[in-house]
Amino acid sequence: MSRRPVSAPLALAALMMTPVTAEAAGDMAAPAPALAYPDTARDNIVDPQFGVDVADPYRWLEDDVRVNPKVAAWVAAQNRVTDAYLDTLPGRDAFARRMTELYNYERFGLPRRAGTRYFYTRNDGLQPQSVLYVREGLKGEGRVLIDPNGWAKDGATALAEWVPSEDGRHLLYSVQDGGTDWRIVRVKDVATGQDLPDEIRWVKFSALDWAKDGSGFYYSRFPAPKAGEAFQSLNENHAVYFHRLGTPQEADRLIHATPGQPELSNRAVVSDDGKYLLVTGSTGTDERYSLTLYRTGKAGAKPKLLVGDYENNWEYVTNSGTRFTFLTNKGAPRQRLVSMDIRQPRVLTELVGEEEGTLVGASRVGDRIILSYLGDAKSEARMVALDGRRVANINLADIGSASGFGGKSTDAETFYAFSSYARPTTIYRLDTVTGQTEIFAEPKLTFKPADFTVEQRFYTSKDGTEVPMFLVMKKGLDRAKGSPTILYGYGGFNVSMTPAFSPTRLAWVDKGGVLAIANLRGGGEYGKAWHDAGRLDKKQNVFDDFVAAGEYLIAEGITGKGQLAIEGGSNGGLLVAAVTNQRPDLFAAALPAVGVMDMLRFDRFTAGRYWTDDYGFPSKEADFRNLLAYSPYHNIRDGKAYPAVLVTTADTDDRVVPGHSFKYAAALQHARTGGKPHLIRIETRAGHGSGKPTDKIIAEAADKYAFAARWTGLDVK
């Protein structure tokens, strides 16, 4: 697609929870759990903030596990206890076997055409990492161009982003080691398969785009961090550079920097005609951008600021001369397509107006623009002419998610991927001239998608808002009585939870469980207003939506009391931990993964400062009080019986640093929260999720779902 760069009262929320202040911390007695947890040292650190003394007894666990031996010893001790417990779970091996079977199918990535060549990824099923292939012509025989499976013995070094040059002669690609967000960028000669000597380091959160003549490429990077701080220090002073092939990185030309605003992120894309470089600036995770335009090939030419207010989303789609087309939410919360003449950037011409569905992507392919919409969290797509006139709808296979539709002004074809909860990805080729669609790659499966049912429900949240939710279950499941259920959610950062295939989650359903995915506020399913209703001082709406989803599942008899587990990762890990604090009685098990658990210090590490768009600033009093009211680490309810909790994180996570999960798990184990296990599983040489090899994905998921099965009563055979 396009190249992007009413709440519960806070007083009530505060009454529902007991923040860990200096006064409360001293009253917490050591637990008497069935498990013998490792001893975790507690410090007497207290931060006075806006008249509140906030205790932080486990701050030492924020240190990098690779640097502090004390933290490394704590991690090893926790993993020993967790591994010993997981070894006792009867469903663990059964889940691992079924997940392995479900993963064992040929998978293809979206092809990209460059010159006469087609580039695509393929995994034969259980390879740790997917392999990049190239073929000469659409029907040519594929040959291996990059196989990352030989890069590391543990399979944890991955091929990340890759972009062929316009003529297909060179391939720009990045290497991701151990799950980190840092990238090493290299260039390969496609004909010979040999790497050029070019190597770029300290690249993160970067677009990669070639100059049209193939002489070099544009990228964004941070300054090199100090020794020992690569995985912890704040990411600041993001700048755009141009690298000319055959030259050292030290000679790269600085294109765009913002030293007066070190918090800005800057990403660059080359226009379709190659005459312009468009730099998108942002202060955080919100789609609120600036646009700065450079003329390529004119060294020293002054840039032109097109948009500088950081108020709206601007995604470049295409241009014809000085007239540029953008997808934007300016004047349209569910987004629209507009054009502007860069000589008069304040004047917008509407090409496609806002509609009931949320416009989530636009890309030019030949003389067509393909628009992608979400209608109640399901994908829809259509083609329009360059002036916005409707041409045709694109018929998708089912309720599911479509992605891709990339291309250039010289293309007459595009490729897109379609998947659903019970149907793995199929790759389609679309001829934009004839409108004909054909299958490019379709997996051969080890199961029948028809054996599963997918349905969408709508339920009412605390304040009366209707929220959609997908349900996935095995066909023929006895619905007269409740079934063990996993409820999954995210609810933040304008991210939409659309139907997607997951072999690990399908294994849960295949074993007789129900999977529920709630489209909570804070996401992007219904545009800007839906996002705004679940962030900042309205964040409690997200938790209310998730709790209401659980109550609905029980009330409808889909699951029963004591049969409901909850799962979420990253912002979803925060969600799971927060609602566990607020309603520990509602859930039998909780699976918070790589979560943001300390809401008062999240902005001090790596990319955490970007998240203030959704969470607010801990340094501002109103935001501080809101954050303290739901921060998982500070609101564990001593004296309340908690569900079984399995926290998961990874030692190389430099997105949400693992100290969040370390501190939360230590506090949970210290509090008197009943006899159910409260464990933490810490993966080594893994990060926030991307780049994780297949065997580690399966092992972690088998542990989590065997844990959930034990505490929801799912009989796994």
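Which backbone oxygen lies 2.9 Å from a polar atom of the side chain of His238? The backbone oxygen of Lys204 does. A pair of this kind is a polar contact when N or O atoms lie within 3.5 Å; within protein, one atom must be able to donate a hydrogen and the other to accept it, and residues adjacent in sequence count only if both atoms are side-chain atoms.

The model is predicted: local features need pLDDT of at least 70, side-chain atom pairs count only at pLDDT 80 or more, and totals for chains, interfaces and linings use all residues. Residues are numbered from 1 along each chain as its sequence is written, and side-chain values use heavy atoms, with hydrogens and water left out.

His238 itself is placed in the loop between strand S13 (216–221) and strand S14 (239–244). Helices (H or I, at least four residues) and strands (E, at least two) are DSSP runs, numbered from the N terminus. The relative accessible area of His238 is 1%, so this residue is buried. Buried means under 20% relative accessible area, exposed means over 50%, and partly exposed lies in between (1.4 Å probe, protein chains only). Leaving aside residues up to four places away in sequence, His238 touches Lys204, Phe205, Ser220, Arg221, Phe222, Thr258, Leu264, Ser265 and Asn266. Here, contact means heavy atoms within 4.5 Å.

Axes are lines fitted to C-alpha atoms, for helices over the stretch in contact, and angles run from 0 to 180 degrees between N-to-C directions. Angles under 35 degrees count as roughly parallel, over 145 as roughly antiparallel, 65 to 115 as roughly perpendicular, and the rest as oblique. The crossing of H4 and H5 is right-handed. A crossing is right-handed if the near helix is turned clockwise from the far one by less than a right angle, and left-handed if anticlockwise. On the H4 side, the contact is made by Phe95, Arg98, Met99, Leu102 and Tyr103, while H5 contributes Pro503, Thr504, Leu506, Ala507, Trp508 and Asp510. By class, the contact of H4 with H5 has 8 nonpolar, 1 polar and 2 charged residues. In this classification, Ala, Val, Leu, Ile, Met, Phe, Trp, Tyr, Cys and Pro count as nonpolar, Asp, Glu, Lys and Arg as charged, and the others, Gly among them, as polar.

H4 also meets helix H12 (residues 694–712); their axes come within 8 Å and cross at roughly 135 degrees. That angle makes H4 oblique to H12, and the crossing is right-handed. Among the residues that make this contact are Arg92, Phe95 and Met99 of H4, and Ile697, Ile698 and Tyr705 of H12. The contact of H4 with H12 divides into 11 nonpolar, 2 polar and 2 charged residues.

A further pair is formed by helix H3 and helix H11 (residues 659–670), whose axes come within 12 Å and cross at roughly 60 degrees. The contact of H3 with H11 has 5 nonpolar, 2 polar and no charged residues. Ala72 is also found in H3 (residues 69–86) and counts as partly exposed, at 31% relative accessibility.

Is helix H10 (residues 621–630) largely enclosed by the rest of the structure, or largely open? Of its 10 residues, 7 are buried, so H10 is largely enclosed by the rest of the structure. The buried residues of H10 are Asp623, Phe624, Asn626, Leu627, Leu628, Ala629 and Tyr630. In the loop between H10 and strand S38 (644–650) lies Asn635, which is buried with a relative accessible area of 0%. The C-alpha atoms of Asn635 and Thr580 are separated by 9.9 Å, although these residues are 55 residues apart along the chain.

Asp376 has a positive phi of about 50 degrees although it is not a glycine; Asp376 lies in the loop between strand S25 (368–375) and strand S26 (378–385) and, at 31% relative accessibility, counts as partly exposed. Ser570, likewise not a glycine, has a positive phi of about 65 degrees. Ser570 is placed in the loop between strand S36 (564–569) and helix H8 (571–582), and its relative accessibility of 14% counts as buried.
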